[in-house]
Amino acid sequence: MVIYGVYIVSKSGGLIFNHDHNIPKIETEKTFSFPLDIKLQYENKKVVVSFGQRDGIMVGHVLTAVNGVPVTGRQLDDGRDVFEVLENEELFPVNLKFERPKMTTNEKIFLASMFYPLFAIASQLSPEPRSSGIEVLETDTFKLHCFQTLTGVKFMIVAEPNQIGMDILLKRIYELYADYALKNPFYSLEMPIRCELFDTNLQSLLEQIEKTGISNV
């Protein structure tokens, strides 16, 4: 059983908790001849692909190594500038390694705010009254499972498509939220959840499920 992440969205649509549990690291390595048939640019302290896609290398992927030498910022660990190296025809062919960047906190906040209106639209589109809204979003690589409480707080899990029993897991996470966040005298509703006991018990729950299955929860 693989669970990629857990997210909690407040009733007003703000992301108040996120936990990256098992995010797969996607790396692609390729040997290039001169000139490069992809365009790279430096942004947010990373060298990223801005144009051109091939062999699993996509726009937005981050350059992590040149000929096995790690890249930090726009420099190789041996002190050379990445762009100067890639503009020097004498150094080709070169082996470049790319990886998919991790989502930043701001990107997660933005996506959570987008899910909120989608959930509301789904409820309104229902031909029957009192629709529960979106419960599952399915793709070929993952499923997003959602559980909305009576107060409008949404609990979401991103997991492998073939995982079962995610509705049970969502309700167990809700119980942890009630026990360790809501009963915390220092926690205010609608605010980000910063509670060590909640984090610890959530991590233990996810690890238990991965080892023994949902039936033992």
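Trainee: Which loop holds Pro 35?
Mentor: Helices (H or I, at least four residues) and strands (E, at least two) are DSSP runs, numbered from the N terminus. By that scheme Pro 35 falls in the loop between strand 3 (27-32) and strand 4 (39-43).

Trainee: What kind of model is this?
Mentor: Residues are numbered from 1 along each chain as its sequence is written, and side-chain values use heavy atoms, with hydrogens and water left out. Local features need pLDDT of at least 70, side-chain atom pairs count only at pLDDT 80 or more, and totals for chains, interfaces and linings use all residues; the model is predicted.

Trainee: What is omega for the peptide bond from Phe 34 to Pro 35?
Mentor: Most peptide bonds are trans. The bond from Phe 34 to Pro 35 is cis, and another cis bond joins Phe 92 and Pro 93, with omega about 0°. For Phe 34 to Pro 35, omega is near -5°.

Trainee: Is Asn 44 buried or exposed?
Mentor: Asn 44 is in the loop between strand 4 and strand 5 (46-51) and has a positive phi of about 50°, although it is not a glycine. Buried means under 20% relative accessible area, exposed over 50%, and partly exposed in between (1.4 Å probe, protein chains only). At 67%, Asn 44 is exposed.

Trainee: How many residues separate Glu 175 and Arg 172?
Mentor: Glu 175 and Arg 172 form a salt bridge, with the closest N and O atoms 2.9 Å apart. Glu 175 is partly exposed at 41%, and so is Arg 172 at 25%. Both are in helix 3, about one helical turn from each other, and the spacing is 3 residues.

Trainee: Do helix 3 and helix 4 run roughly parallel or roughly antiparallel?
Mentor: Axes are lines fitted to C-alpha atoms over the stretch in contact, and angles run from 0 to 180 degrees between N-to-C directions. Helix 3 and helix 4 pack at about 160°, with axes 9 Å apart. Angles under 35 degrees count as roughly parallel, over 145 as roughly antiparallel, 65 to 115 as roughly perpendicular and the rest as oblique. Therefore helix 3 and helix 4 are roughly antiparallel.

Terms used:
A salt bridge is a side-chain nitrogen of Lys or Arg within 4 Å of a carboxyl oxygen of Asp or Glu.
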